[in-house]
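Visitor: I have a model on my screen and would like to learn how to read it. Where do we start?

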Amino acid sequence: MKAAGVVIDGAFRDLEGCEEVGFPVFAKGLTCGTALKSGAGAVNVPVSCGGVTVYPGDIVAGDVNGVCVIRPEEAALAMERALAKRKRQEEVIAEMKRTGTVITKLGKPDNI
């Protein structure tokens, strides 16, 4: 199995190298120091990251805004909800462009 990226509940270094090879890293920050290695680690075990327990098989997705962990059995519902939200957002944007009115979260138009 090949890693598609890494999520770190802390800081990491070598950002330029990771970006150069296209390897995504999501971390709390950057550091110039190295990490103390205290053991070999483990694979396919639950871990806690950012206060969230991540289990083997979980779906982990991230972008510049953050990281999301989804249990496989919740993936279909999460995708359905995300697509519905995106559709509603696109409809609101289209309505604002059409009318020149800003629609707030409460759905009440504010004239520009």
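Visitor: How far apart are the closest N and O atoms in the salt bridge of Arg 71 with Asp 58?

Guide: A salt bridge here is a side-chain nitrogen of Lys or Arg within 4 Å of a carboxyl oxygen of Asp or Glu. Between Arg 71 and Asp 58 the closest N and O atoms are 2.2 Å apart. The pair links distant parts of the chain, 13 residues apart. Arg 71 sits in the loop between E6 and H2, and Asp 58 in the loop between E4 and E5. Those labels are DSSP runs numbered from the N terminus: helices (H or I) have at least four residues, strands (E) at least two. This is a predicted model, where local features need pLDDT of at least 70 and side-chain atom pairs count only at pLDDT 80 or more, while totals for chains, interfaces and linings use all residues. Residues are numbered from 1 along each chain as its sequence is written, and side-chain values use heavy atoms, with hydrogens and water left out.

Visitor: Are Arg 71 and Asp 58 buried or exposed?

Guide: The scale is relative accessible area: buried is under 20%, exposed is over 50%, and partly exposed is in between (1.4 Å probe, protein chains only). Asp 58 counts as buried because its value is 12%. Arg 71 is at 28%, so it counts as partly exposed.

Visitor: Which residues are linked with Arg 71 in a network of salt bridges?

Guide: Asp 58 and Glu 73 are linked with Arg 71. In the bridge of Glu 73 to Arg 71, the closest N and O atoms are 3.5 Å apart. Glu 73 is at 58% relative accessibility and therefore counts as exposed.

Visitor: How many salt bridges does the rule give?

Guide: The count comes to five. One of them joins the side chains of Asp 14 and Arg 13, at 3.8 Å from N to O. Arg 13 is partly exposed, because its relative accessibility is 38%.

Visitor: What is the phi of Asp 14?

Guide: First the general idea. Most residues other than glycine have a negative phi. Asp 14 has a positive phi of about 70 degrees, although it is not a glycine. Asp 14 lies in the loop between strand E1 (6-12) and helix H1 (15-20). With a relative accessible area of 48%, Asp 14 is partly exposed. Asn 44 also has a positive phi, of about 60 degrees, and is not a glycine. Its place is the loop between strand E2 (25-30) and strand E3 (47-49). Asn 44 counts as exposed because its relative accessible area is 63%.

Visitor: Now pockets. How much space lies in the largest pocket?

Guide: Rolling a probe the size of a water molecule over the atoms shows where empty space is left. On a 1 Å grid over the protein atoms alone, a pocket is an open set of points where a 1.4 Å probe fits, with protein on both sides within 12 Å along at least five of seven lines; lining residues have an atom within 4 Å of a point. Volume is the space filled by probe spheres set on the points, which are joined across faces, edges and corners. The largest pocket holds about 1100 Å³. Its lining has 32 residues, and Gly 5, Val 6, Val 7, Val 54 and Val 60 lie nearest the centre.

Visitor: Which element gives the largest share of that lining?

Guide: E1 does, with four residues. E1, E2, E3, E4, strand E5 (59-63) and strand E6 (66-70) each supply at least two. By class, the lining has 23 nonpolar, five polar and four charged residues. Here Ala, Val, Leu, Ile, Met, Phe, Trp, Tyr, Cys and Pro are nonpolar, Asp, Glu, Lys and Arg are charged, and the others, Gly among them, are polar.

Visitor: Which residues line the second largest pocket?

Guide: Lys 85, Arg 88, Gln 89, Val 92, Ile 103, Thr 104 and Lys 105. The volume of this second largest pocket is about 190 Å³. Helix H2 (residues 75-99) gives the largest share of its lining, four residues. The classes are two nonpolar, two polar and three charged.
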